[in-house]
Amino acid sequence: MAPEERRLREEVRAFLAENAPSPPDLPRSLDARIEALRGWQASCYRAGYVGRAWPREFGGGGRAPVEQIVVDQELAAAGAPEFVNVVGLDVLGPSLLRFGTEQQRQRHIPPILDAREIWCQGFSEPEAGSDLASLRTRAVERDGRFVLTGQKTWVSWGQFARWCGVLARTEDPGHGQPRHRGISMLIVDMNSPGVDVRPMTQITGHAEFCELFFDDVLVPEQNLLSNRGDGWKIAMYTLGHERGTAALPRQVKLRTWLDRLAFTLGDRALDGRALLDDPGAQVSLAQAMIGIEVLRYHAQRTVGEFLAGGAVGPDSSSVKLLMAEAEQRLAATAVELLGPAMEQADPAKQDEDAFWEETYLYSRAASVYGGTRQIQRNIIADRVLTLPQE
Amino acid sequence: MELELTEEQSWISESIDTLLSREWVTPQDVADASPERRRQTWTALVEFGSFGIKKDGEDGLGAVELCLIARSLGSHLASVPFLGSAAVRLALAPQARSLPAEIAALLSSHDPIGIALLEAGSGWTVERAGTRLVRGRDGLEIRGEKVAIEQLQAAGQLVVVATLDGAPALAMTPAGAAGLTRQRQRCFDETVPMETARFDAVPVPSAGVLGGPEARTVLRRLMTAGSLLAAAEAVGAAGHILDLACRYAGERRQFGRTIGSFQALRHILADAYVRQQSGWSAVRYAAAALDDGDPEAAQAASIAKAYVSRGAREVAHSAMQVFGGIAFTAEHPAHRFLRRIGVRAQQFGDAAHHERRLGRELAERVSQARAALSSPVLAEAFPA
């Protein structure tokens, strides 16, 4: 780590020690919680810790990308709450910066950074999950506007979002053409008439994501991102970006969770001694640790290429696979070691058992969201190993 | 930490590959390579400068460069006394100035070095060797028996891990010393020749003995360096068999299709690719940590060795599954890779050994942190 990165790390640590709310102290009701999280992101933005590498002209910090990674790792290590506008910061913000017009960037980037406006992404549909190119949401151009009709699902924070990046079909691909032709990306105002948002309860008991219904929603022409038909290209860019850069802070978080699990095992007994002193438990912890550390080594290597100016390539799929594997292994290890206590946890108590129950349940999504494990393998088989197409 | 290869490192990697393509045989022929061919390959490696190892404050090769060389050797299944020669020098280099004369001399020589480490029936916990250094009439003598000494027939010098007055010590002896009885031993990979050695009061001059706290430091570093070099070689071998399997999957036809178009095989190969690539990331990270004098280098090496020991084997198994029956014939090179990976997976500690160690250390760290939190001073600072 370079001296200036070390200095930044110290600075962030001091800021967090002074300012970071502890997650259990956040309000319990979802609305109040989101407000508190907006405030948290805004104060981090004022301190220079959000969009640190984004261009200065749009409110970013104009610093080297590695600095944001240093900041994100410290936030994760301190157990600070995650930024509520994660979709804007990790997914659609980078796409706006890369593909947006001057006017779109001026309008949208600053409120993404300070969480004044939360973003969501409308990609998946009930009939278009892994097979994203089969999406049916349509946008028909009429009188200088797009008329949007369709249904989206798995829309994280849709109920709090002001804007949604929607993939919609604007053209038929044409006979015999690949189906990802004719898909466009629209910036949709969630306050528009005809937008209906229905939160869905997840297996963790939270309602982080929603279904979206568009019923003849009018979208101004200038809200098209890049050109008609560029939607697929933009979606692949955003997903790759998310896979490529999110792994390092996630890895740090997994490492803190591993220590947390080990710490808890010091309190649990097995055959008259602490479970932490049991050789079998120690090996399980070591195996979880190996997965987490190798994720770091591999992500650093691939992110290194990205930071050196290269694109986030298909190797981000390797990182995604390792990330899901590490997270799921850690959670499964906790389940095995904590035993029945975890299954009898009372979520209201917010104790260690409840934490691991939620973490275990959530970990099952790690090999599904952002492109399933099987899709990542397909990407590697096609683009890295150049095996024959199916 | 810088994980990208420098231009010089990329050049080393490519040059070694070119050198081995020129000097060494194809994977099909490794078991039949003549002794002359082996010597010639070794000489070419030495002449290339493979042992210009960095000492205190000097320029030269470090762990990253030596792991790159080991990776190429694994990829080509070369049969040369590299692992011991490189591991011993990497272990000694930081102490170059304070070593006994004969041991220090290893650093300026290019002699192949063998390591006498394992003993029959003992595991990889090597700090309590049964082989002892005892005081004879004319000074110290080595007494004991060692097994699985790689490339002893090629080695000029032998570094023996022993105990002296109950503490770990290292002794150096010529491979042909009087009182040393050697016997060829079976090895899972016949291109990694192994021997046993019995030491019947083999005399060693005091300039050839390293004892005291320094011996423990060097021995630990030897295990770290050896783990990494063995892992690097396994990663190289795994990379090559995976390439062959991908090529085969792109050519072989069944059911009227190229078999690489079947998702069942595409996914096996994609997973193997991730395992092989991330294995190299782990080795490279740990090697850079060792070069930087990072206090966590030994832990990183254990992680890399545990991960690669399982992962490289997994890659070989996957590749063989893709080849199908043909990989079960002795003529096909698949088993050569499998065997090499199997041997490197064991050396300097298999996955289970390193996992036990990592788990124990993690538990100790956490127990100390817990104890610190329950100390009266801290309890006052952080009341419950």
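In chain A, residue A:D216 belongs to strand β7, which spans residues 209–220. Strands are DSSP runs of E with at least two residues, helices are runs of H or I with at least four, and both are numbered from the N terminus. The model is predicted: local features need pLDDT of at least 70, side-chain atom pairs count only at pLDDT 80 or more, and totals for chains, interfaces and linings use all residues. Residues are numbered from 1 along each chain as its sequence is written, while chains are lettered from A and ligands numbered from 1 in the order in which they are written.

Most residues other than glycine have a negative phi. A:D216 counts as exposed because it has 11 C-beta neighbours inside 10 Å.

B:L77 sits in the loop between α3 (63–76) and α4 (82–92) of chain B. With 29 C-beta neighbours inside 10 Å, B:L77 counts as buried.

Chain B comprises domain 1 (7–108), domain 2 (113–211) and domain 3 (215–371), with bounds from an automatic or database domain assignment. The C-alpha centres of domains 1 and 3 of chain B lie 20 Å apart. Their contact takes 23 residues from domain 1 and 26 residues from domain 3; contact requires C-beta atoms, placed from the backbone, within 7 Å. On the domain 1 side, α3 and α4 of chain B each give two or more residues. The largest share, 10 residues, comes from α3(B).

How values were computed: A residue is buried if 20 or more other C-beta atoms lie within 10 Å of its own, exposed if 12 or fewer, and partly exposed in between; C-beta atoms are placed from the backbone. Two residues are in contact if their C-beta atoms, placed from the backbone, lie within 7 Å.
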